[in-house]
Amino acid sequence: MTPHSSALVVGAGVSGLVCAYALRKAGVDTQIVEASDRPGGVIRSERRDGYLLELGPQSFAGTAPLRQLCRELGIESELLEAPRKAPRFVLVGGALREVPFSPLAFFASSLFSVGTKWSILRDAFGTSRPPEQDESIAAFVRRKFSAELLEKLVGPFVSGIYAGDPEQLSLRGAFPQLHEAEKSAGSVVRGMIWSAKTTKGAPQERPALLTFREGNETLTRALAKNLGDALRCGAEVIAIQRRTKGSVEGYEVCLSAAGRDETLEVDHLILATPTNAAAELLRQIGAGFENALQGISYAPVAVVSLGYRKNTVGNALDGFGFLVPRSAGLEILGSVWNSSLFPGRAPEEHALLTSFVGGTTNPQAVARSKEELSALAHRELAPLLDIKEAPVFSSVNIYQRAIPQYTLGHTDRLAALSALRTKYPGLWLTGNYLRSPAIGACVEQALAAAHAVSKGVSK
Ligand SMILES: Cc1cc2nc3c(=O)[nH]c(=O)nc-3n(C[C@H](O)[C@H](O)[C@H](O)COP(=O)(O)OP(=O)(O)OC[C@H]3O[C@@H](n4cnc5c(N)ncnc54)[C@H](O)[C@@H]3O)c2cc1C
């Protein structure tokens with residue numbers, strides 16, 4: 001007889017792990033399978049030569065659901081918070097300039113012209129309406145504020161989050177709160193203030209940036225431990241097909257594990273894979289999915305971590321790190337000063353700096369060898385941070401498909417996907433292409449998916 005499970009989650013990145021965890025917590029008989037030999041997906045922390053490396057995400061925003069999850073998993077005491085006041089820098093005119101975050105600092109800063117400052121006041125006291133059609137982030141910033149704000153601040157931050165191009169990314173896809181603010185209040189500033197005041201239970205300040213004492217992977221390791229035997233690594237889903245037993249619809253899933261094929265029957269199939277893997281599987285049960293999913297491209301990114309003797313770095317590295325506008329002509333998108341943010345990231349008297357290369361504006365950069373990427377990052381960092389000697393440690397990790405791009409038309413693609421999915425009872429999607437790539441958003445999306453599935457199960 002074919003083995004049966006009420007729910008099967010495919011993919012054990014943070015999205016799949018959280019979804020499986022929440023389903024089991026709700027009492028749903030759930031299995032989770034992962035194609036690679038380890039859980040965690042792109043979240044990966046490694047200790048090497050006294051350095052604690054984050055090969056993927058460097059830190060995450062401590063949203064309320066994420067903190068609650070850490071509490072449930074018994075890892076809350078392992079959380080480390082980056083200094084809230086750590087300055088962030090942006091490279092302007094060849095020098096690192098501190099980014100002003102408070103309104104007072106913004107208006108006092110010499111980073112922006114009077115025209116840009118005036119554009120903020122014009123928005124705060126004026127009224128505007130967003131266009132009906134999807135608008136790129138770049139077009140939005142130019143329409144509402146200024147080309148200077150786009151160039152010096154918004155562009156670098158967009159490449160920091162999405163490794164993406166603001167000319168291609170959709171405002172309502174990537175930053176729906178800004179679109180909604182203008183739509184509801186006629187002003188981005190008023191809309192955002194109003195939304196902060198009215199959001200139930202919303203914290204008054206931005207959530208802190210967090211990691212764990214032993215790295216981000218603490219979260220996915222704890223989830224995997226909690227799941228125990230329900231999680232199988234080295235098991236890739238290679239085929240799916242619908243099956244109907246009486247009035248109950250479900251799926252027959254074919255797995256490849258240790259060179260053998262196995263079949264599993266499930267009532268609920270939750271795909272927590274990147275879009276290319278989801279498209280490949282869903283193509284087998286219906287037309288249309290592939291189109292919507294393949295329309296979501298990913299930015300390639302190389303993560304380059306370099307270790308230096310502190311006494312060879314002239315810059316005090318007092319801050320979060322810096323971002324680079326594309327017009328600066330560098331290939332690094334930005335750099336995070338890991339050892340300034342969290343303890344235990346580098347050996348005594350050493351500094352660990354992680355830079356990002358590539359993104360959608362420079363995809364060919366990741367075709368270089370690891371040695372070339374490491375040399376490139378050092379070459380570009382050295383003059384900016386007054387580094388006098390070569391790094392004593394280097395680690396390079398390349399992702400051909402790192403971060404999903406919420407490009408123009410993204411919300412339409414998601415709507416098409418959602419409409420299609422509802423025609424397949426028991427089929428669910430979760431992952432970083434649905435709400436936001438941020439880990440906190442993946443957690444919330446996965447919890448919401450688990451909630452929807454468990455409601456279906458208890459019917
Ligand atoms: C370089 C980089 C830097 C980042 N920086 C940050 C940051 O600083 N802060 C932040 O909040 N977020 C950051 N992110 C984003 C965040 O880490 C990701 O969006 C999130 O971890 C994605 O989790 P996921 O589970 O949705 O997908 P993934 O981690 O991609 O997991 C999907 C899993 O599905 C598995 N799979 C695929 N096909 C199959 C199959 N057929 N059968 C079984 N398993 C399958 C894969 O092997 C994989 O393990 C970064 C991401 C990258 C790559």
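Q: In this predicted model, why is the contact of Glu-76 with Arg-71 called a salt bridge?
A: The closest N and O atoms of Glu-76 and Arg-71 are 3.2 Å apart. The criterion asks for a side-chain nitrogen of Lys or Arg within 4 Å of a carboxyl oxygen of Asp or Glu, so the pair qualifies.

Q: What makes Glu-76 and Arg-71 buried, partly exposed or exposed?
A: Glu-76 has a relative accessibility of 30%, and Arg-71 has a relative accessible area of 44%. Buried requires under 20% and exposed over 50%, so both residues count as partly exposed.

Q: Why is the pair Glu-72 and Lys-25 said to tie parts of the chain together?
A: These two residues form a salt bridge, with the closest N and O atoms 3.2 Å apart. Glu-72 belongs to helix H2 (residues 64-73) and Lys-25 to helix H1 (residues 14-25), so the bridge joins parts 47 residues apart in sequence.

Q: Why do Lys-25 and Glu-72 fall into separate accessibility classes?
A: Lys-25 reaches 56%, which is over 50%, and is therefore exposed. Glu-72, at 32%, lies between the 20% and 50% limits and is therefore partly exposed.

Q: Which residues are linked in a network of salt bridges?
A: Arg-38, Glu-217 and Arg-221 are linked in this way. The structure holds 24 salt bridges.

How values were computed. Residues numbered from 1 in each chain as written. Predicted model: local features only at pLDDT ≥ 70, side-chain atom pairs only at ≥ 80, totals over all residues. Heavy atoms only, no water. Helix = DSSP H or I, 4+ residues; strand = E, 2+ residues; numbered from the N terminus. Buried < 20%, exposed > 50% of the residue type's maximum accessible area, 1.4 Å probe, protein only.
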